[in-house]
Amino acid sequence: MTIGSDAAMLADVDSVVAKVKQSRIYRSAALIIILWGAINLARDGLIALAPGWFGPRWFLVDAIGIAGTIAILSRGATAGARPPMRTLAAFLLFYAFGWIWANLIGDFSPRQQMAFWPTLFLFGYAVAGLWFGPAFTAIGLGLTALIVATYFWSGAAFPLCMAVVTGGGFVLCGLWMRRA
């Protein structure tokens, strides 16, 4: 063998390792996206059917999603690894940032908050795509575009449309990501 063929072989191995790593990330992310689809469908459906659900109870439903996300990530961690505390810290930072903008600076209406919160987290997906693969960016940008369209054109059916767009959209994107 020559040095050139050894380098080509190592490049092939690196390529396979990168693809396996991305596949593992996509599989875990797909489960998490599907979980959040169910969470969004339940939360926004409850808001559509009983508007009194908007507010503090909203975050109780999200807490279930956060616990589920941490459980999925913990299951995929190597033996002896600590729970994914960076994930919990990331959720807390996103919620703190969002709460400051939605409640202190922006004083958003319930309709504005229902559009703001998922797009805030979808921004995170879009940025994650720069490191973890284009499916994240596609999901972040695609669902954000659907949410913006729903915000402007759904009228009084907005909460129910959001349940379908965010809940159904996340589930479909998670199923697509499992195949990516």
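Which residues does Tyr 151 touch, not counting residues up to four places away in sequence? Here are my notes, starting from that one.

1. Tyr 151 touches Arg 111, Gln 112, Ala 115 and Phe 158, once residues up to four places away in sequence are left out. Bear in mind that this is a predicted model. Tyr 151 itself sits in helix α5. As for Arg 111, its C-alpha lies 7.8 Å from that of Tyr 151, while 40 residues separate the two in sequence.

2. Is Tyr 151 buried, exposed or something in between? Its relative accessible area comes out at 22%, so Tyr 151 goes down as partly exposed. The cut-off for buried is under 20%.

3. On to the helix pair behind those contacts. Helix α4 covers residues 110-132 and helix α5 covers residues 134-153; their axes come within 6 Å and cross at roughly 160°. That angle is why α4 counts as roughly antiparallel to α5, given that the label applies over 145 degrees. The crossing of α4 past α5 is left-handed.

4. If you want to click through the contact, the α4 side includes Arg 111, Gln 112, Ala 115, Pro 118, Leu 122, Tyr 125 and Phe 132. Among the α5 residues they meet as a group are Pro 134, Phe 136, Ile 139, Leu 143, Ile 147 and Tyr 151. Sorted by class, the contact of α4 with α5 has 15 nonpolar, seven polar and one charged residues.

5. Now the charged pairs. Side chains of opposite charge can pair when their charged atoms come close. How many salt bridges does the structure hold? There are two. In one of them, the side chains of Arg 43 and Asp 44 meet at 3.2 Å, N to O. Arg 43 also forms a salt bridge with Asp 62, where the side chains meet at 2.5 Å, N to O.

6. The Arg 43 to Asp 62 pair links distant parts of the chain: Arg 43 belongs to helix α1 (residues 3-49), Asp 62 to helix α2 (residues 56-76), and they are 19 residues apart.

7. For Arg 43 the relative accessibility is 5%, so it counts as buried. Asp 62 has a relative accessibility of 4%, and therefore Asp 62 counts as buried too.

Definitions and conventions
Residues are numbered from 1 along each chain as its sequence is written. This is a predicted model: local features need pLDDT of at least 70, side-chain atom pairs count only at pLDDT 80 or more; totals for chains, interfaces and linings use all residues. Side-chain values use heavy atoms; hydrogens and water are left out. Axes are lines fitted to C-alpha atoms, for helices over the stretch in contact, and angles run from 0 to 180 degrees between N-to-C directions. Helices (H or I, at least four residues) and strands (E, at least two) are DSSP runs, numbered from the N terminus. Angles under 35 degrees count as roughly parallel, over 145 as roughly antiparallel, 65 to 115 as roughly perpendicular and the rest as oblique. A crossing is left-handed if the near helix is turned anticlockwise from the far one by less than a right angle, and right-handed if clockwise. Contact means heavy atoms within 4.5 Å. Ala, Val, Leu, Ile, Met, Phe, Trp, Tyr, Cys and Pro count as nonpolar, Asp, Glu, Lys and Arg as charged, and the others, Gly among them, as polar. Buried means under 20% relative accessible area, exposed over 50%, partly exposed in between (1.4 Å probe, protein chains only). A salt bridge is a side-chain nitrogen of Lys or Arg within 4 Å of a carboxyl oxygen of Asp or Glu.
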